[in-house]
Amino acid sequence: MKTFITFKLFFPLLIFLTVITSCEKDGEKIYLSELEANELMATVNEVVLSQENANQPVLSFSWTAQTFTVSNPDMKAPNLLSTSMQVSVQQDFSSNMVESLEPNLSKVYSGSDLNTVAKNLGLAADVATPVYFRLKSSAGNNMEPVYSNVLTVNVTPFTIDMTTGFILDKDKIETGVTLYSPASNGIYTGFMGAVSWYNFFMKEGDGAIWGNDPISGTPFMLSSASDSWNCWFPEPGGCYYVNMDTKAKQWSALYVPVLDVTGDIEGSMTFDRLNVKWTYVFNASSTNSLKIKLSAAGNLYNSTTGDMASVSASLAFAQQSDGTLTLAQQAGDITVSVPAAGECTLTFDLSDPKSWKCMVTSGSDVPVVIPQYLYIPGVDDGISGSWTFDNFLTLYNEEDLAYAGVINVNSLWGYSFNIEKDNWNDKYDFAEGDAYAGTLVFQGGTNLPAPDAGLYLFDVSVKGLTYSLTGVGGEIYISGLNDVWDFTTVLSATETAGVYSGIITVNGASPWGFQIHLDTSWNHYFGGSSGSLHYRGSNITDDASLAVGTYSMTVDLIHGTYSVEE
């Protein structure tokens, strides 16, 4: 049997009803029905968690809706209901409980989500433990909450490794860079090679993602809220010692401009940002063991200094008795072995935050890294509305450092060729020429002139410091199919920029494969394999596996893909 309460016990609703019923008779009482408990339902009653199902849905709940009814049928009660999911290892929920606000009528736990709940409840890994779930519903501070039925689910969690912090890019995609928390206490440290203003997040082993506090906006303050901003490094780019403290909810970045080596080897080391290591080339007189010291004078950025200022800070390393390298108040002796007399390279590798390595190798071991992509920020801000690193060219000739690709251009202010994603400083700018061909200069400061909006093939030589743009029209050509080398087989432009399609006929395999030409000059063509296009690459040989007949072929020049389907 339903019971009823008067509005004088429920102040927010009393105000609401007073306003909308001003024309009611004086003294008329209006009643609101009391809350009834939800009915909670679950998909399973036992879950075994693992790394394999961490990103998969493993447990789902659904429940019935709740509403108030008003004694006057002409009136409607406002929705002031609040529903929370309560989870506990105590059947009476008297202690050790996790609670989350639920705006919908269902909830789905992924393996990672449920494993995090289990961790917060203190469940032992690899042991099945009864976990109790119920809903708590309330409609204001003046009303007692009501609870749903209690469901029991046996949960077997897996061990969460809280020793590693995973660095994510601005799109929250893992970068392969990690920080280390040896005590699993939420404090993660390590060295990073960062470009100026590099944007990133950090993910813990339990799935919590940390970014910049969105409330204050103060640099170097952390938040795991879903609306947190990305963290960012200051300027300049280079070597940073990073400390991410999720307990204090702040982080710091110690910039190391130069690492000095003293002792049996004297000099200033060079930082290899992409590989996060320092190197120094020297001449060894003989094969022997040397003692060195490593130290640096740096600049510390944190929540007090902000990203535009810093305070001086020092950095030093020492070697423990077991050979482990650690930070120290003062530089200690580090022993390295010289393998041979002559030119050698001292390398201090900081890429693995769990194990720093210092060694000497024969010869000059300074790596030359050839970027696989050349990014073009500014080339489509008339389409995207901003400067991004979404458009890039791909290396096709390593000797000439030549890059090419097809880009849908609509540039408002010109553009540049940047050698690394999210690196705004290391770029090639305009030297001489026009919008369609010319020469480049490194960090010249002048944007390349924008051509008319449209589809273009870019061909850029970083070694030769040249660029050229060739317009791509409404048709492209398939040449070499059926060993016929002409331009009679045509694919036509679709409504999607850079995508072409048409019908091809296969009468037999060409002994040389076939090519995709952008025009009839024979100079601008793509080869490829397995659905991927490569500028001036090996000929496509898919026709060898196709039966005689007609096929639909689609080519996406911008994304470098093709497909052949019946």
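Guide: A term to start: two strands pair if DSSP finds at least two bridges between them. Strands themselves are DSSP runs (E, at least two residues), numbered from the N terminus.

Visitor: Fine. Where does the model come from?
Guide: It is predicted; local features need pLDDT of at least 70, side-chain atom pairs count only at pLDDT 80 or more, and totals for chains, interfaces and linings use all residues. Residues are numbered from 1 along each chain as its sequence is written, and side-chain values use heavy atoms, with hydrogens and water left out.

Visitor: Which residue in β37 is the bridge partner of A437?
Guide: S468. A437 belongs to β35 (residues 437-442), which runs antiparallel to β37 (residues 466-471), with three bridges.

Visitor: And how many bridges join β36 to β37?
Guide: Six, again antiparallel. F458 partners L469 there. Four residues lie between the strands of that hairpin, and L465 takes a positive phi near 55°.

Visitor: New topic. Which side chains of β27 are buried?
Guide: I334 and V336, on one face. Buried means under 20% relative accessible area (1.4 Å probe, protein chains only).

Visitor: What stands opposite T335?
Guide: K291. β24 (residues 289-301) pairs with β27 in the antiparallel sense over four bridges.

Visitor: Which element gives the most to the lining of the largest pocket?
Guide: β13, with five residues. The lining has 30 residues, with G193, R273, L274, E420 and K421 nearest the centre. A pocket is an open set of points on a 1 Å grid over the protein atoms alone, where a 1.4 Å probe fits, with protein on both sides within 12 Å along at least five of seven lines; lining residues have an atom within 4 Å of a point.

Note on methods
Buried < 20%, exposed > 50% of the residue type's maximum accessible area, 1.4 Å probe, protein only.
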